[in-house]
Amino acid sequence: MTAFILKANSSGTYARAAAIIEQGGLVAFPTETVYGLGADATNAQAVARIYEAKGRPKFNPLIVHVATKADAEALAEFSPVAKRLASAFWPGALTLVLPRRKDCPISDMATAGLDTVALRVPSEDVAHAFLKAAATPIAAPSANLSGHVSPTDARHVMEDLGERIDAIIDGGATALGVESTILSVTGEEEVRLLRPGGATREDIEAVLGHPIGTGPEKAAMPQSPGQLPSHYAPHIPVRLDATSVSSDEALLAFGRPLDGAAAMLNLSEAGDLNEAATHLYAMLRALDDRRFTAIAVMPVPMTGLGLAINDRLKRAAAPRPKEEA
Ligand code: TXA
Ligand code: MG
């Protein structure tokens with residue numbers, strides 16, 4: 001059966017979505033970053049359906065979304081530095097990986113059996129209304145098939161998952177366009193950047209007052225698709241740092257475009273990284289056409305949201321685990 005579309009501004013949408021969640025169903029919903037595929041995080045069977053619908057490996061834990069900081073504090077241990085980060089960035093595009101509280105009701109299926117839990121309070125009004133109505137923590141990865149480009153519009157969710165989920169709350173295009181930044185704050189003070197995203201490194205370091213470490217401590221890290229070399233990938237090859245383009249390639253431009261491509265879309269003609277982030281995934285999807293030999297991508301600077309954009313582009317360009325037919 002095809003997913004039911006629930007309009008973000010219609011009466012009844014949130015009650016209907018909450019009823020589906022209560023029955024263990026799957027509801028895709030917009031956040032300020034990308035669309036999430038939500039299920040009741042305390043219901044193991046419902047969470048199992050997320051992995052099944054996405055074709056996602058079960059050892060990969062999910063982000064748990066709640067409506068307020070107080071809701072988050074009921075689930076995990078917040079050190080002083082975690083509290084500071086939560087106050088500064090929530091609601092918003094920051095995910096904190098924190099030690100689970102002893103009485104944390106989140107299913108092991110959502111945390112992949114880890115003693116930590118990834119928490120986020122999204123800022124988008126539609127997400128907030130949905131989380132309020134559901135009145136339970138919502139586990140939600142990005143609402144795309146595992147390994148594919150993330151969805152920034154209800155239409156993208158329909159393309160990837162329309163036949164596999166119960167409903168999609170349609171709130172139009174997302175405001176930010178790249179996923180949340182993931183920080184692990186499991187020790188007293190140590191903060192590690194697990195994934196660059198919507199909250200910039202510069203802003204995080206300004207709140208902390210010092211630089212943050214990059215990358216996981218090997219032993220503590222789960223294997224996660226978002227951190228696998230190939231992820232966020234279109235079907236045709238992606239070629240990075242293009243300084244010229246051939247006539248059988250599609251060009252993903254940034255700033256003044258190169259000449260000579262078979263097709264061209266511009267992340268931001270003005271060279272604005274925020275604008276580029278909002279366009280990134282939709283343009284990768286739009287240029288992903290087998291008429292082209294590759295998507296050639298012009299260089300994007302490594303400041304602000306550029307860190308997250310370059311991270312996703314690098315994974316989109318990485319060698320694929322297996323060739324597709
Ligand atoms: O913006 C976002 O973060 C979106 C929206 C829907 O909120 N969600 C998202 O989820 O990108 P997903 O599942 O595609 O990425 C979640 C990442 C994965 O790489 C996962 O391994 C990591 O979070 N993660 C979750 N729980 C973790 C934990 N306890 N320790 C370390 N990493 C964790
Ligand atoms: Mg994802």
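A residue is called buried when its relative accessible area is under 20%, exposed when the area is over 50%, and partly exposed in between (1.4 Å probe, protein chains only). The model is predicted, with local features requiring pLDDT of at least 70, side-chain atom pairs counting only at pLDDT 80 or more, and totals for chains, interfaces and linings using all residues. Residues are numbered from 1 along each chain as its sequence is written, and side-chain values use heavy atoms, with hydrogens and water left out.

**Exercise 1.** Determine whether Glu-32 is buried or exposed, and state which side chain it joins in a polar contact.

*Solution.* Step 1: Glu-32 is found in the loop between strand E2 (27-30) and strand E3 (35-40); strands (E, at least two residues) and helices (H or I, at least four) are DSSP runs numbered from the N terminus. Step 2: the relative accessible area of Glu-32 is 5%, so the residue is buried. Step 3: contact means heavy atoms within 4.5 Å. Beyond four places in sequence, Glu-32 touches residues including Gly-92, Ala-93, Thr-174 and Gly-177. Step 4: a polar contact is a pair of N or O atoms within 3.5 Å; within protein, one must be able to donate a hydrogen and the other to accept it, and residues adjacent in sequence count only if both atoms are side-chain atoms. The side chain of Glu-32 joins that of Arg-120 at 3.1 Å, and it reaches the backbone nitrogen of Ser-123 at 3.1 Å.

**Exercise 2.** Identify the surroundings of Ser-150.

*Solution.* Step 1: Ser-150 lies in the loop between strand E7 (138-139) and H7. Step 2: its relative accessible area is 1%, so Ser-150 is buried. Step 3: leaving aside neighbours within four places in sequence, its contacts include Tyr-232, together with Tyr-281 and Arg-285. Step 4: the side chain of Ser-150 makes a polar contact of 2.4 Å with the side chain of Glu-179.

**Exercise 3.** Examine the backbone at Tyr-232, Ala-112 and Pro-91.

*Solution.* Step 1: most residues other than glycine have a negative phi, and most peptide bonds are trans. Step 2: Tyr-232 has a positive phi near 55° and, at 2% relative accessibility, counts as buried. Step 3: Ala-112 also has a positive phi, about 55°, but is partly exposed at 28% relative accessibility. Step 4: Trp-90 and Pro-91 are joined by a cis peptide bond with omega about -5°. Pro-91 lies in the loop between helix H4 (80-89) and strand E5 (94-99).

Key:
Chains are lettered from A and ligands numbered from 1 in the order in which they are written.
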